[in-house]
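Good morning, and thank you for joining this group meeting. I would like to take you through one model, so please have the sequence and the structure in view.

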Amino acid sequence: MTGPAAILVAAVFGAIVGSFLNVCIYRLPLGQSVVWPSSACPHCKRSLAWFENLPVVSYLVLWGRCRTCRHPISGRYPLVEALTALMCAAAWWYYGPGALVFSRLLFGCALIVLFAIDLEHHLLPNVITLPGMAAGFALSFVCGPGWLDSLFGIMVGGGVLYGIAELYYRVRHEEGLGMGDVKMLAMIGAFIGWKLTLVTLMMASFAGSLVGVALMVAHKGGMKYALPFGTFLALGAALAATTGQGILDWYLRFW
Ligand SMILES: [Zn+2]
């Protein structure tokens, strides 16, 4: 079930799913439906033919431009498709068939969409985080991390970040973290449990500080940047879900 042919099928399936994730990334922040109408060029509004909708392939064949108006197509499209294809192939190879691979892929897809939307719009749509939280909790009854760990994950993820947001607001009298970040970390907790949620938060804060300092140095300091924290949470969660257990085991050896 995890031979080369099955992994190839998983990759093709992933590319098609990635194509749908692109639709979500583009339309959710605009408040548009993700199922209707069919895809069109954002510039000349012409509906795309089936052969212009093939994941990754169409972008390469069309040299990254619309066939009629020659307007450049965002490189985000083939990137998201290729990344989702890679993720599906790797997850199928690593987990094999079962509820866990389904849970992990659903989680991965949510992270990709949140990563891209937060990066561009500084927005984490409730239509992803809230159903994501419910799905993560429901799936925890049939696969890891188990429902109790998932429930603690929701409470720890949401609670800790809510506390930090509240504290920041009291001290600085301005909003540092949005409720979107709080809901997103609660969703992450539902999928991977409370311990890996804390690993996620540490990794995201570390990566966020590194990029923040680099940006301040590049711009000679003094300026404050509103970094999209959800983007870092997505990166941290992807790392925690894949390598977090190893890091935890290594860390706990010292105790
Ligand atoms: Zn066009």
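This is a predicted model: local features need pLDDT of at least 70, side-chain atom pairs count only at pLDDT 80 or more; totals for chains, interfaces and linings use all residues.

Lys-45 sits in the loop between α1 and α2. Although this residue is not a glycine, its phi is positive, at about 70 degrees. Lys-45 counts as exposed, because its relative accessible area is 58% and the cut-off for that class is over 50%. The protein averages a pLDDT of 92, and 97% of the residues score at least 70.

Trp-63 also has a positive phi without being a glycine, here near 55 degrees. Its place is the loop between α2 and α3. With a relative accessibility of 76%, Trp-63 is exposed.

Let me turn to the metal site. Which residues coordinate the zinc ion? The ligands are Cys-41, Cys-44, Cys-66 and Cys-69, each through SG, at 2.3 to 2.4 Å. The angles among the four donor atoms run from 105 to 114 degrees, and the site is tetrahedral. That assignment follows because four donors count as tetrahedral if all angles lie between 85 and 135 degrees. Along the chain, the donors have the spacing C-x2-C-x21-C-x2-C. Cys-44 and Cys-69 thus link distant parts of the chain, 25 residues apart: Cys-44 belongs to the loop between α1 (4-27) and α2 (57-61), and Cys-69 to the loop between α2 and α3 (76-95).

At 25% relative accessibility, Val-34 is partly exposed. Ten residues separate Val-34 from Cys-24 in sequence, and their C-alpha atoms are 5.9 Å apart. Beyond its neighbours within four places in sequence, Val-34 contacts Phe-20, Val-23, Cys-24, Arg-27 and Leu-28.

Next, the cis peptide bonds. One runs from Trp-36 to Pro-37, with omega near -5 degrees, and Pro-37 lies in the loop between α1 and α2. Another joins Gly-144 to Pro-145, with omega near 5 degrees. Pro-145 is in the loop between α5 and α6 (147-172).

I now move to helix α5, where Met-133 is found. Among the elements of the protein, this helix, residues 126-139, has the highest mean pLDDT, 98, whereas helix α8, residues 229-252, has the lowest, 92. Met-133 is buried because its relative accessible area of 16% falls under the 20% cut-off. Apart from neighbours within four places in sequence, Met-133 is in contact with Ile-154, Lys-183, Ala-186, Met-187 and Ala-190. Met-133 and Trp-36 are 97 residues apart in sequence, with 25 Å between their C-alpha atoms.

Finally, the domains. The domain assignment gives domain 1 as residues 1-96 and domain 2 as residues 98-255. Taken over C-alpha atoms, the centres of the two domains are 25 Å apart. How many residues of each domain take part in the contact between them? In domain 1 there are 16, and they touch 17 in domain 2. The size of an interface is often expressed as the accessible area lost when the parts come together. For domain 1 and domain 2, the area buried between them is about 1,400 Å², with 85% of it on carbon and sulfur atoms.

Thank you; I am glad to take questions.

Notes. Residues are numbered from 1 along each chain as its sequence is written. Side-chain values use heavy atoms; hydrogens and water are left out. Donors are N, O and S atoms within 2.8 Å of the metal (3.2 Å for Na, K and Ca); water is not among the atoms, so sites may look incomplete. Four donors count as tetrahedral if all angles lie between 85 and 135 degrees; four count as square planar and six as octahedral if opposite donors are over 155 degrees apart and all others between 65 and 115; anything else is irregular. Helices (H or I, at least four residues) and strands (E, at least two) are DSSP runs, numbered from the N terminus. pLDDT is the predictor's confidence in each residue, from 0 to 100. Domain bounds come from an automatic or database domain assignment. Contact means heavy atoms within 4.5 Å. Buried area is the accessible area (1.4 Å probe) that two parts lose on being put together, summed over both. Buried means under 20% relative accessible area, exposed over 50%, partly exposed in between (1.4 Å probe, protein chains only).
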